[in-house]
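Biologist: I am new to this structure. Please take me closely through one part of the packing, then show me how the rest is arranged.

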Amino acid sequence: MIKKILKGKYKGLWLVRIQPMVNGKRKSVTRRADSKLEAQKPEIDLKVKYASYKNGLPSITDESQLLIEYTKFVEKKAQSITATTNRSWRYSLTLLGKYLKYENKVGIQLRDVDQHFFNDFGHWYLNNHPKASVKKSTVIDVTLAHFRTFFTFLIDKAVLAVNPIPKGYLKLFFKQSDFSTGRKWHLFSKDEISVLREELLKEYKGATIANSVSRLALIVDTYLGLRPEELQVLKFDQLVEYEGSYTFKIDDSWSEKEKSLMVL
């Protein structure tokens with residue numbers, strides 16, 4: 001049914017209403033449009049949508065609540081990811097809960113979440129975390145990436161048609177001045193590496209046993225370029241000969257968060 005609203009807050013708009021049977025009960029579903037012509041599309045969309053629900057509602061629809069469905073998604077995700085990665089997903093859920101509570105939108109439905117919602121979320125996060133920065137692999141980047149994965153899942157399930165978090169979301173959501181320049185890096189030349197290695201060898205030869213380990217690790221790293229997590233778990237029995245030279249064959253690294261070895 002389509003009819004013009006003659007009074008009240010939405011006077012002048014056109015009301016779309018259908019009353020489908022869902023799970024044996026009559027359900028009233030409404031939408032509003034600016035004109036009678038524009039109202040025809042949502043009416044058709046609603047009829048098609050609820051026709052597919054005649055055997056009962058699916059587990060998730062566009063009327064489902066964002067916080068509830070994202071919580072389910074994160075809990076299911078935890079079954080197939082590492083503990084470290086799970087902490088990142090859990091933190092994104094915590095931030096979402098705090099933001100929805102702050103905006104008094106705890107019950108917001110999936111269909112009402114748009115690009116502006118996550119733009120505002122990103123700036124809310126920066127305002128409440130003064131030391132936070134905007135760049136690749138930061139908390140805000142990873143968190144928005146998690147949300148984008150969730151909405152991609154919803155699109156694949158035909159729950160939604162558009163992902164509210166677009167590609168290149170950092171550049172779209174934040175101005176250039178928000179971005180962190182990050183650390184400054186210095187790329188050593190071969191000559192500088194040689195000088196550094198010679199100095200480390202001098203220190204190593206004169207160091208006590210307790211202080212020699214760190215020097216030895218640095219000397220090894222000038223040859224191999226390992227990450228700190230890999231370097232600190234090297235063993236002498238991992239030293240192998242490869243194509244006429246000696247190197248280390250590694251298969252694990254140290255996780256500071258887990259306080260244990262992680263298999264590569």
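**Around F121**

Modeller: Start with F121, which touches L95, L96, Y99, I140, T143, L144 and F147, leaving aside residues up to four places away in sequence. Touching, or contact, means heavy atoms within 4.5 Å. This is a predicted model, where local features need pLDDT of at least 70, side-chain atom pairs count only at pLDDT 80 or more, and totals for chains, interfaces and linings use all residues. Residues are numbered from 1 along each chain as its sequence is written, and side-chain values use heavy atoms, without hydrogens and water.

F121 belongs to the largest nonpolar core, which has 35 residues. A nonpolar core is a set of buried Ala, Val, Leu, Ile, Met, Phe, Trp, Tyr and Cys residues joined through side-chain atoms within 4.5 Å. Buried means under 20% relative accessible area, exposed over 50%, and partly exposed in between (1.4 Å probe, protein chains only). F121 is among the residues with the most contacts inside this core, alongside L66, L110, F117, F118, L144 and F151. Five helices each supply at least two of its residues: α2 (66-77), α3, α4 (115-128), α5 and α6 (169-173). Helices (H or I, at least four residues) and strands (E, at least two) are DSSP runs, numbered from the N terminus. Another core lies apart from this one; its eight residues include W14, I18, L46 and Y50. In soluble globular proteins, nonpolar side chains tend to be buried together.

Now the helices. The axes of α3 (residues 83-102) and α5 (residues 139-156) come within 10 Å and cross at roughly 90°. Axes are lines fitted to C-alpha atoms, for helices over the stretch in contact; angles run from 0 to 180 degrees between N-to-C directions. So α3 and α5 are roughly perpendicular to each other. On the α3 side, the contact uses S88, W89, Y91, S92, L95 and L96. On the α5 side, V139, V142, T143, H146, F147 and T149 take part.

From α2, the contact draws on L66, L67, Y70, T71, F73, V74, E75 and K77. From α3, W89, R90, S92, L93, L96, G97 and L100 join in. This contact has nine nonpolar, three polar and three charged residues.

Elsewhere, L200 sits in helix α7 (residues 190-206). L200 is buried, with a relative accessible area of 9%. Beyond four places in sequence, L200 touches R215, L218, I219 and T222. Its C-alpha atom is separated by 9.8 Å from that of S214, 14 residues apart along the chain.

Next, the strands. Three of them form an open antiparallel sheet in the order β1-β2-β5. Two strands pair if DSSP finds at least two bridges between them. The edge strands are β1 (2-4) and β5 (29-33), each pairing on one side only. From one strand to the next, the twist averages 25°. β2 (residues 14-18) joins β5 through five antiparallel bridges. There, V16 stands opposite R31, and L15 stands opposite R32. Three bridges link β2 with β1, again antiparallel. I2 has V16 as its bridge partner in β2. Four of the five residues of β2 are buried, leaving the strand mostly covered.

One more pair is a hairpin: β6 and β7, with two residues between them. E243 in the turn has a positive phi of about 55°. β6 (residues 239-242) and β7 (residues 245-248) pair in the antiparallel sense over four bridges. Y242 partners S245.

Finally, the whole chain. It has nine helices and nine strands. Of its 264 residues, 31% count as buried. Among contacts between residues at least 6 apart in sequence, 47% join residues at least 24 apart.

Conventions
Angles under 35 degrees count as roughly parallel, over 145 as roughly antiparallel, 65 to 115 as roughly perpendicular and the rest as oblique. Ala, Val, Leu, Ile, Met, Phe, Trp, Tyr, Cys and Pro count as nonpolar, Asp, Glu, Lys and Arg as charged, and the others, Gly among them, as polar.
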